[in-house]
Amino acid sequence: MLDLRLLREQPEAVAARLATRGVAVEPLIREILALDGERRALLRDVEALRAERNRASEAIGQARRRGEDATAEQARVREVADRIKALEARLRALEARLEALQLELPNLPHPSVPVGRGAEDNRVVRTWGTPRAFGFPPRPHEELGEALGILDFERAAKIAKTRFTVLWGVGARLERALVQFMLDLHTREHGYTEVWTPHLVSAATMTSTGQLPRFEEQLFKTQEPDENRTLYLIPTAEVPLTALHGGELLPEATLPRRYVAFTPCYRREAGTYGQDTKGMLRQHQFDKVELVKITTPASSYDELETMTRDAEEVLRRLELPYRVVELCTGDLGFAAAKTYDLEVWLPGQARYREISSCSNCEAFQARRAGIRFRPTGGGKADYCHTLNGSGLAVGRTLIAVLENYQEADGSVVVPRALRPYMDGLERITPRR
């Protein structure tokens, strides 16, 4: 959520910056400011009536002390109280409408973000590794996995629907090895605290991180018939990790908070019909190791750089070629002020594909969730900055391992970094 004071003071500047995202928000901002003006006028009226009620109550007390009749003053207090009640009802309705409109505005792009319309305008920041030169046509992961007997898309569709995968035997073990490898790296070497979170969260939690109300069609949700309560399956551990400190005032000395969590993630993938339908690149359920930081505004962009490097280190240890791409304004996520995507090389597609997205959301989520910090030297509390990034998407890392480490005979070499997690297994061989 954007700062309402910023909207009041610089509406044209805010509209211009959001226009670089490809969204026209001038009418929305005008409506927000009109409602804000009406809200502030109502607040003044309510405060004036409360002061009048207090004066009348004081007059009643004085009349009683003098032994005088206070009937007129009592009637006046009741009249004023009724007016206050009516105005407060109007105020609550107006504030609800104002908040709903504010929730529709995306975050402001950071001034350093390149202006562009979409993915074609993103900027490659750096590359690492050289794609392997194969002496044979490299196969896509879905063919490799089925031939190896470790990926099963047909049975997954039978028991659920398309865009689910069953992992058999060493495939399931490889997935688990990747998870443990990532968690060990981030906790032991990068200083993150591992957290285990709920996979079902409330609508308020989803709203605090920006998934609701804008992206409800992308979410799976459950309904408790006995309590008529809706809980949402998390699309990423960013949601519960960021919301952990909702409504809290954190001492500056305890920042930054660095958290890592492994969870399944659930996404409907609405609007992606026909995209990446083969294999496990775009799934309704997938595993991810998520990184989240909560920090001060002064340090958040340094923390974004280190978070991105932390995610890169996973790919370096696995010796997978990748590149870092800075997203342009038109390709930024709704809550992000600045984002780096990590794209891994997939020989089966002969292209780079996203495997991690590291974003600084500045105070956008913290303002929704009420996450603030108290400066060490004293002074006014301020909103924290929140950051999130994949460290990494596990299923896509498994895809990258299969495709980059495949051999002509259909076997797949296990990366050296993963062998300790696979009891020393060096090669996955086709089933006979």
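Trainee: In which helix is the place of Ala93?
Mentor: This is a predicted model, and that holds for every value we discuss. The helices are numbered from the N terminus. On that numbering, Ala93 sits in helix 4.

Trainee: Is Ala93 buried, partly exposed or exposed?
Mentor: Buried means under 20% relative accessible area, and exposed means over 50%. Ala93 has 49% relative accessibility, so the class for Ala93 is partly exposed.

Trainee: How far apart in space are Ala93 and Arg367?
Mentor: In sequence, 274 residues separate Ala93 and Arg367. In space, taken C-alpha to C-alpha, the distance between Ala93 and Arg367 is 21 Å.

Trainee: At what angle do helix 3 and helix 4 pack, and are they roughly parallel or roughly antiparallel?
Mentor: Helix 3 covers residues 26–65 and helix 4 covers residues 71–102. Their axes are 9 Å apart, and the packing angle is about 160°. Angles over 145 degrees count as roughly antiparallel. The pair of helix 3 and helix 4 is therefore roughly antiparallel.

Trainee: Is the crossing of helix 3 and helix 4 left-handed or right-handed, and how many charged residues does the contact have?
Mentor: The crossing of helix 3 and helix 4 is left-handed. Sorted by class, the contact of helix 3 with helix 4 has 18 nonpolar and three polar residues. The number of charged residues in the contact is 16.

Trainee: Helix 7 and helix 10 also pack; is helix 7 roughly antiparallel or oblique to helix 10?
Mentor: Helix 7 spans residues 170–189, and its axis lies 11 Å from that of helix 10. The angle between helix 7 and helix 10 is about 130°. An angle has to be over 145 degrees to count as roughly antiparallel. Helix 7 is therefore oblique to helix 10.

Trainee: What is the handedness of the crossing where helix 7 passes helix 10?
Mentor: Handedness is given separately from the angle, and here it concerns how helix 7 passes helix 10. That crossing is right-handed.

Trainee: Which residues line the second largest pocket, and how many of the lining residues are charged?
Mentor: About 320 Å³ of space lies in the second largest pocket. The lining includes Asp3, Arg5, Pro297, Ala363, Arg367 and Arg372. Also in the lining are Lys380, Ala381, Asp382, Tyr383 and His385. By class, the lining has four nonpolar residues and one polar residue, and the number of charged residues is six.

Trainee: Which residue does a cis peptide bond join to Leu212?
Mentor: Omega for that cis bond is about 5°.

Trainee: What is omega for the cis peptide bond from Gly391 to Leu392?
Mentor: Leu392 is found in strand 16, residues 385–393. The bond from Gly391 to Leu392 is cis, with omega near 20°.

Trainee: Asn228 is not a glycine; what is its phi?
Mentor: Asn228 lies in the loop between strand 6 and strand 7 (229–233). Asn228 counts as exposed because its relative accessibility is 63%. The phi of Asn228 is positive, about 50°.

Trainee: And what is the phi of Glu319?
Mentor: Glu319 is found in the loop between helix 10 (300–317) and strand 11 (322–326). At 37% relative accessibility, Glu319 counts as partly exposed. Glu319 is not a glycine, yet its phi is positive, about 55°.

Trainee: Why does Pro225 count as exposed?
Mentor: Pro225 has its place in the loop between strand 6 and strand 7. Exposed means over 50% relative accessible area. Pro225 counts as exposed because its relative accessibility is 75%.

Trainee: How many of the residues of the protein chain, as a percentage, count as buried?
Mentor: The protein chain has twelve helices and 18 strands. Its C-alpha atoms fill a box of roughly 105 × 50 × 40 Å along the principal axes. Of the 432 residues of the protein chain, the share that counts as buried is 49%.

How values were computed
Residues numbered from 1 in each chain as written. Predicted model: local features only at pLDDT ≥ 70, side-chain atom pairs only at ≥ 80, totals over all residues. Heavy atoms only, no water. Axes fitted to C-alpha atoms, helices over the stretch in contact; angles between N-to-C directions. Helix = DSSP H or I, 4+ residues; strand = E, 2+ residues; numbered from the N terminus. Parallel < 35°, antiparallel > 145°, perpendicular 65-115°, else oblique. Left-handed = near helix turned anticlockwise from the far one by under 90°. Nonpolar A, V, L, I, M, F, W, Y, C, P; charged D, E, K, R; others polar. 1 Å grid on protein atoms, 1.4 Å probe; cavity = no way out; pocket = protein on both sides within 12 Å on 5 of 7 lines; lining within 4 Å. Points joined across faces, edges and corners; volume = space filled by probe spheres on them. Buried < 20%, exposed > 50% of the residue type's maximum accessible area, 1.4 Å probe, protein only.
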